Amino acid sequence: MCGIIGYTGPLDSKKILLNGLTQLEYRGYDSAGAALCMENSHICLVRRTGKVANLKETMERITDVSHCGLGHTRWATHGGVTTQNTHPHQAGKVTLVHNGIIENYHQLTEQFHLEAKLHSETDSEVAAWVLDSLYQGDPLEAITRLVALIKGSYSFCIMFEDYPGEIYAIRNVSPLVAAYTRSGSFVASDLTALIPYTRQYFVVPEDHIVRLTSYKVHLYNLQRHEEMPELMEVNWNMDAAMKNGFPHFMLKEIHEQPEALRNTILPRLSKGLPDFTDDQIPDDIFTSCSQIHIVACGTAMHAGMAARSMMEPLLRIPVTVSVASEFRYEEPLIGEDTLVIIISQSGETIDTLAAMRLAKNYGAAALSVVNVKGSTIARESDYTLYTHAGPEIAVASTKAYSVQLAALYMIGCRMALVRGKYSVPQATEFMKKLLNAIPAMESMIAQKDSIKALVTHLINKSDAFFIGRGLDYAFSLEGALKLKEISYIHAEAYAAGELKHGTIALITEEVPVIAIATQEKVFAKTISNIREVKARGAFVILITREDAVLDGGVADIHIRIPKIGDRFTVFPIAVVLQLIAYYASTGKDLDVDQPRNLAKSVTVE
Ligand code: F6R
């Protein structure tokens, strides 16, 4: 989604804005712009559609120095990808950038008679003009009046012509972080833009205004009283946000998974058992609930699907998984007896956040599994289990998925232990098996060249199917999503036994099938389903455990994963599916890390 960077200080703001926008490119965008406050207080606006490189080309022609400015990458929502719609927007004395959606922009356009003034189709420009209309010389007052009028989600960064060298920002839902350093003051939509300059930052609280001057950041509530920001330390270094010799972030992040799993699991092991004391997660939330409801979006939701298939038979209580964007508009059957597990890499996904707020309103306890420290979901949930994947830059989630699974598996194991479903030796054995998944992942990463070779059978195809049963079906969902989002090959995941109830009509020689058969209980059944597609000409890539015994002719390509417990096969399989998608994307020469139309952190509905 949109990226924001604002800077004021002694350095050349042009460079800082361009660096920041480059760091934010991973979020996904389709145009970029900047506003530079020049020494004569004139505001110079530069906007280009396409990549930040286009903006850079234009900005490099500006020779005058500026020490204060705003930068923005836009992910189009209201209005197409045009220069006019690109941020920043200027309205009278106001220049602003915006992330989010102003829901009542039509009404505001009429109320403030803005029709003739607008140069763009954006809701953001409407907000700029409304702010300019409200402005009578005091930026804080104008901003508080603006937020009383607008409905929706937003973070704004604003420059007022009368206050050269100052930046104002306000947020509601959409994320913003700020920092002040010897090199000046910064505000950004995410931490990656600030890391080159500081390790200390603060999350701008909702409905708070920040005012940046070149040597200080002031924080105000909506009553315009100054407050002390709550400073936080970044828990990863710049290296983690660099490619470090890998051609793409996605490949680097696939390689980082074993380490990420260790970082997530090991600090929470006590005498071989999962222990969340340091996370301040009390056991009574695990013992007092009579059902679990998992809510998330996309890949995080797929981690939830796998966790459900693992947890429900183990705990013998209902475990439901919901897509957050649906859940939030339903009337879910949850209450004080429900443990709601919210999964989110970014901790900012708007539907997931809204779903969590709804669940809390119903009286459920909200336990979040989140990667980004200090994110809104982490702060608002009752309990947080941080995953330690480090920053995930590629739009397609890889390491965040496997650490979410590891965290959920640990929750499942702890719950089984405290609810008396597992004895101590059983729980210890479970954790041993979870740890064994790490070398299993490593061994699949080491086989990446053979996975690359098999992808030649996929890249000239327009459709593919992923099939499996039980847990293997949950893994298939993620495999299909990965392939779709970065290779643009249409892929569908199907429960292997369901295919013949209609969808098998689509199977032809042109449709490869990636079949996963690692679950002992349904192995023979899945193999029969594979024979059904094989009989219809499909090219079958089969993934099984290394000890699986197969008759000839079942598969065209057979990938064997190490022999680990049935429940844990997801970890090496995730690597295989991620590599298939990765090489399908590179084989088609696509933009792996920033696939079309996608954004890393989905902060609009
Ligand atoms: C796909 C992907 C998305 C995210 C989804 C939720 O590769 O990354 O499907 O999983 O947008 O994002 P978070 O986990 O940040 O809530």
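Which residue in β6 is the bridge partner of H89? Keep that one in mind while we get our bearings. This is a predicted model, where local features need pLDDT of at least 70, side-chain atom pairs count only at pLDDT 80 or more, and totals for chains, interfaces and linings use all residues. Residues are numbered from 1 along each chain as its sequence is written, and side-chain values use heavy atoms, with hydrogens and water left out.

Back to the question: H89 has L96 as its bridge partner in β6. A quick word on names: helices (H or I, at least four residues) and strands (E, at least two) are DSSP runs, numbered from the N terminus. Strands of a sheet pair through backbone hydrogen bonds, either parallel or antiparallel. Here, two strands pair if DSSP finds at least two bridges between them. β5 and strand β6 (residues 94–102) have 3 bridges and pair in the antiparallel sense.

Those two belong to an open sheet of 7 strands, with antiparallel pairing and the order β5-β6-β7-β8-β12-β13-β14. At its edges you'll find β5 (89–91) and β14 (226–227); each has a single partner strand, so one side of each is left without a neighbour in the sheet. Helix α4 (residues 123–134) packs on this sheet and touches β5, β6 and β7 (152–160), its direction making about 130° with that of β6. Contact means heavy atoms within 4.5 Å. For the angles, axes are lines fitted to C-alpha atoms, for helices over the stretch in contact, and the values run from 0 to 180 degrees between N-to-C directions.

Inside the order, β9 (residues 177–181) and β11 (residues 200–203) run antiparallel and are joined by 2 bridges; V177 stands opposite V203 in β11.

How about the cysteines? The structure holds 0 disulfides, a disulfide being a pair of cysteine sulfur atoms within 2.5 Å. For C37, the closest cysteine sulfur is in C68, 5.1 Å away, and that's too far for a bond. C157 is in no disulfide either, as its nearest cysteine sulfur, that of C68, is 10 Å away. C37 is buried at 7% relative accessibility (buried means under 20% relative accessible area, exposed over 50%, partly exposed in between, with a 1.4 Å probe and protein chains only). C157 is buried as well, at 0%.

From β23 the chain crosses through helix α16 (residues 471–487) to β24 in a right-handed β-α-β crossover. Right-handed means that, with the strands pointing away from the viewer, the path from the first strand over the helix to the second runs clockwise.
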